[in-house]
Amino acid sequence: MRKILLAAVLSLLITTLFAQSAYDEIYENSLFSASNYMAYPGPTQHQLTPAPRGYKPFYISHYGRHGSRYHSKPSTYNLPYQTLAKADSLGKLTVMGKDVLHRLDIIRKDAENHWGDLTPLGTQEQQDITRRMYERFPEIFTGNTSIDARSTGVPRCVLSMEYALMQLLRLNPDLNIRHNATHRDIEYLNLQDKELFALRKSKKATQLYKNFVASNNDSRHLMQTLFSDSVYVSKNVQAYTLAEQLMLVAAIMQNVELGKKMTLFDIFTNEEIYRIWKIGNAWWYIGWGASPATNCKMPYLQRKLLRKIIEQADSCIQQPTTNVHLRYGHETVILPFVCLLNLNGFGLITDDLNQLEANGWVNYRAFPMACNVQFVFYRKDPKDRNPLFKVLLNENEATLPLPSKRAPYYRWSDFRKYYLKKLDAYED
């Protein structure tokens with residue numbers, strides 16, 4: 001009874017946390033506005049729901065994003081710098097504008113030749129995630145448990161995998177680890193589907209986004225903060241584009257060492273920060289969520305990842321030993337995958353972009369740096385062919401659109417039947 005009450009209280013606490021609006025969260029902490037550039041916050045649920053009596057964990061299937069990094073393109077740093085440098089050469093910057101130009105110069109020089117590189121924080125994030133995995137499910141990592149790890153070939157992903165594995169080996173040197181980063185795995189680790197990508201550029205999707213930007217953009221205060229000549233701004237500066245560019249630089253700073261000494265969030269009002277995030281959240285929904293503007297198809301970018309996870313789980317369920325599958329890639333995989341599973345309601349379908357937050361479609365809750373999805377399987381004995389499992393999103397227990405009297409635990413047979421039917425329907 002005490003375990004049941006504890007689980008109920010924890011569930012209520014988690015529900016209360018996510019009931020807080022994105023508006024309130026961003027006003028309280030501007031770092032949330034960084035969306036996919038938000039540094040990994042770690043789990044908010046520190047005590048997991050106990051497994052039903054007699055069930056023990058025996059298998060983990062995981063997909064995780066690389067850890068914190070620099071921006072991957074020089075232009076992300078250089079474009080706003082160049083806009084302000086040109087205005088400065090013509091005497092069009094305020095005192096604050098000159099200060100921001102100076103900060104941008106320091107930031108872009110710090111990032112020079114680090115395009116997309118994993119940072120020390122990114123290393124720590126991966127080590128902490130695998131340490132907690134080991135501590136939460138020690139039964140899986142005993143003896144010479146088999147660990148199979150795969151990564152895309154991008155250096156920050158490969159390094160994230162290696163740092164995670166090094167942490168596991170420190171905890172148990174007897175683990176049987178295999179790891180690889182080969183093109184053969186790319187089809188399910190980071191599928192590139194040109195037909196689906198083309199939907200993002202459709203007239204319907206493009207116009208929907210343009211209309212949303214127009215109705216939510218207000219960069220007047222920021223332009224007045226940076227520039228001394230409003231006529232110059234109206235003729236020479238694309239106000240929202242510059243605001244968005246500056247926000248991208250501000251967002252990445254929490255992931256790099258320089259961010260401990262310098263920020264750019266101070267140049268925005270809370271309202272500006274929220275509005276830019278809100279527009280970005282809508283952009284991610286149209287491009288990766290189940291938006292009607294893209295025929296609700298974008299989550300199926302990760303259909304092959306889901307099939308791979310089902311296939312490998314079916315295999316490991318047949319084995320008497322404990323096993324772990326670790327996969328490392330990108331947030332552009334995690335987000336549509338979470339939507340495909342409809343984890344925590346991220347499979348939302350709506351034409352009204354203003355309703356995203358009210359329905360819990362808040363991007364940073366799904367895909368901060370080092371975001372991850374973990375399927376954790378439980379059984380009573382090795383002969384059990386229909387085990388229970390639960391899904392952790394960023395190490396917090398998540399909900400699935402499946403019936404269960406033991407949620408967050410679900411029957412694997414129910415999951416398998418539901419999602420294979422969903423995938424088959426799409427492919428047919």
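## Core, helix contacts and backbone features

In this predicted model, Phe227 touches Leu84, Ala87, Lys92, Leu93, Thr94, Tyr232, Val233, Val237 and Leu242, when residues up to four places away in sequence are not counted. Phe227 also belongs to the largest nonpolar core, a set of 107 residues in which Phe227, Phe375, Leu400 and Phe415 have the most contacts. Helix H13 (residues 270-288) supplies the largest share of this core, with 10 residues. Apart from this core lies another, of 23 residues, among them Ile60, Leu165, Leu326 and Tyr409. As background, nonpolar side chains in soluble globular proteins tend to be buried together.

| Helix pair | Axes come within | Crossing angle |
|---|---|---|
| H3 (residues 74-89) and H12 (residues 239-252) | 9 Å | roughly 130° |
| H14 (residues 303-317) and H15 (residues 331-341) | 9 Å | roughly 70° |

On the H3 side the contact is formed by Thr76, Tyr77, Leu79, Pro80, Thr83 and Leu84, which meet Leu242, Gln245, Leu246, Leu248, Val249 and Ile252 in H12. By class, the residues of this contact divide into nine nonpolar, three polar and no charged. Leu84 in H3 and Leu242 in H12, both part of this contact, are also among the residues that Phe227 touches.

For the second pair, the crossing at roughly 70° makes H14 roughly perpendicular to H15. Here Arg303, Leu305, Leu306 and Ile309 in H14 meet Val333, Phe337, Leu340 and Leu341 in H15, and the contact has seven nonpolar residues, no polar ones and one charged residue.

How many of the 11 residues of H15 are buried? The number is 10, so H15 is largely enclosed by the rest of the structure. The buried residues are Glu331, Val333, Ile334, Leu335, Pro336, Phe337, Val338, Cys339, Leu340 and Leu341, and this list includes Val333, Phe337, Leu340 and Leu341, the H15 residues that meet H14.

Met262 is found in the loop between H12 and H13, where, with a relative accessible area of 15%, Met262 is buried because the value is under 20%. Leaving aside neighbours within four places in sequence, Met262 is in contact with Arg103, Ile106, Ile107 and Met253. Met262 and Ile106 are 156 residues apart in sequence, yet their C-alpha atoms are 9.5 Å apart in space.

Several backbone features deserve attention when the model is inspected. H15 is followed by Asn342, whose phi is positive, near 60°. Asn344, found in the loop between H15 and strand E5 (372-379), has a positive phi of about 50° although it is not a glycine, and at 30% relative accessibility Asn344 counts as partly exposed. Glu395, in the loop between strand E6 (388-393) and E7, likewise has a positive phi, near 75°, in a residue other than glycine; with a relative accessible area of 1%, however, Glu395 is buried. Finally, the peptide bond from Ala407 to Pro408 is cis, with omega near 15°, and Pro408 lies in the loop between strand E7 (396-397) and strand E8 (410-411).

Conventions:
Residues are numbered from 1 along each chain as its sequence is written. This is a predicted model: local features need pLDDT of at least 70, side-chain atom pairs count only at pLDDT 80 or more; totals for chains, interfaces and linings use all residues. Side-chain values use heavy atoms; hydrogens and water are left out. Axes are lines fitted to C-alpha atoms, for helices over the stretch in contact, and angles run from 0 to 180 degrees between N-to-C directions. Helices (H or I, at least four residues) and strands (E, at least two) are DSSP runs, numbered from the N terminus. Contact means heavy atoms within 4.5 Å. Ala, Val, Leu, Ile, Met, Phe, Trp, Tyr, Cys and Pro count as nonpolar, Asp, Glu, Lys and Arg as charged, and the others, Gly among them, as polar. A nonpolar core is a set of buried Ala, Val, Leu, Ile, Met, Phe, Trp, Tyr and Cys residues joined through side-chain atoms within 4.5 Å. Buried means under 20% relative accessible area, exposed over 50%, partly exposed in between (1.4 Å probe, protein chains only). Angles under 35 degrees count as roughly parallel, over 145 as roughly antiparallel, 65 to 115 as roughly perpendicular and the rest as oblique.
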